Amino acid sequence: EVIYLVEEARKGNIDLNSTLVYKPSDAMQGSIGMKKHKYYDEVTLLELIDHLLTYSDNTAHFMLIKYIGLDTLKEYFSDFNLVMVSEDPFVRNYTALMASKCLERLYSVLEVDDDYSALIKKAMNNKNMNYLSFDDKIIYHKYGMYDASFHDIGIYDSDNPYIIVVLTLYGNLGQDVFGAKVQNISKKVYEIYSKNLELKEEYCQSNRSKN
């Protein structure tokens, strides 16, 4: 929904400074960001986006889905060649394919240098359950946790960017355990990425020397 909202804002169809009233019926568990608000507060779309990306805030997530509308989201998902089969596409039918396609589209959003992309990068560059970033390597990420599932997906933004999607059933193992496992996967992916760049550079240099 974040990608949809930013794309529509850039077209002038939506003002992300618009507010929604936070009602008791909206409240859900797993809503760290929304704890700063009281019932019947007016919360901007920008704030909801920030809470969703920074904290994977469930209340913000469902408030935004309700604001956009299920029919609109289903039509939007068809642009990804994906089918939204439930009221929340990110619960039962969440797949690596869906995540990767969303990240590809998100990267195209981030390629435009404006306040919207700055907001997204700031929100996704956080330490809250971020096991994709390590050492000095910053990966813009969005995590999700439900029952046994712990997922972390992100974008390594560089001259040679890549996306990473880690979907696990490690959630019941405890944060230290699943965090270490996910970070180890991220490090391995980066090692493969770096080696591949090195081999490409060697190949290009070899061809230049032959010419």
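Just after helix 3 (residues 58-68), G69 takes a positive phi of about 100°, where helices (H or I, at least four residues) and strands (E, at least two) are DSSP runs numbered from the N terminus. This is a predicted model, in which local features need pLDDT of at least 70 and side-chain atom pairs count only at pLDDT 80 or more, while totals for chains, interfaces and linings use all residues. Residues are numbered from 1 along each chain as its sequence is written, and side-chain values use heavy atoms, with hydrogens and water left out.

**Helix 3 and its ends**

- The buried residues of helix 3 are T59, A60, H61, M63, L64, I65 and I68, with buried meaning under 20% relative accessible area, exposed over 50%, and partly exposed in between (1.4 Å probe, protein chains only).
- These buried residues of helix 3 pack against helix 1, strand 1, helix 2 and helix 4 (70-78), contact being defined as heavy atoms within 4.5 Å.
- D26, which lies in the loop between strand 1 (19-21) and strand 2 (42-44), counts as buried because its relative accessibility is 8%.
- Leaving aside neighbours within four places in sequence, D26 is in contact with V21, T59, M63 and K66.

**Helix 2 against helix 6**

- The axes of helix 2 (residues 45-55) and helix 6 (residues 115-124) come within 8 Å and cross at roughly 35°; axes are lines fitted to C-alpha atoms, for helices over the stretch in contact, and angles run from 0 to 180 degrees between N-to-C directions.
- The residues of the contact divide into seven nonpolar, one polar and one charged, where Ala, Val, Leu, Ile, Met, Phe, Trp, Tyr, Cys and Pro count as nonpolar, Asp, Glu, Lys and Arg as charged, and the others, Gly among them, as polar.

**The two sides of helix 6**

- In helix 6, the residues S117, I120, A123 and M124 are buried.
- Seen down the axis of helix 6, its buried residues fall within an arc of 130°, so they line one face of the helix; the arc is that of the directions from the helix axis to the C-beta atoms.
- At the start of helix 6, a side-chain oxygen of D114 reaches to within 3.1 Å of the backbone nitrogen of Y116.

**K142 and S56**

- K142 has its place in strand 3 and is partly exposed, with a relative accessible area of 22%.
- Not counting residues up to four places away in sequence, K142 touches L52, L53, S56, M124, H151, D152 and I153.
- Although K142 and L52 are 90 residues apart in sequence, they are 8.7 Å apart in space, C-alpha to C-alpha.
- The side chains of K142 and S56 are joined by a polar contact of 2.8 Å, that is, a pair of N or O atoms within 3.5 Å; within protein, one must be able to donate a hydrogen and the other to accept it, and residues adjacent in sequence count only if both atoms are side-chain atoms.
- S56 lies in the loop between helix 2 and helix 3, counts as buried at 12% relative accessibility, and has a phi near 50°, a positive value in a residue other than glycine.

**Other sites in the chain**

- D147, in the loop between strand 3 and strand 4 (149-156), has a phi near 55°, a positive value in a residue other than glycine, and counts as exposed at 62% relative accessibility.
- S186 is found in helix 7 (residues 175-210) and is buried, with a relative accessible area of 0%.
- Residues up to four places away in sequence aside, S186 touches Y131, L132, F134, I139 and I164.
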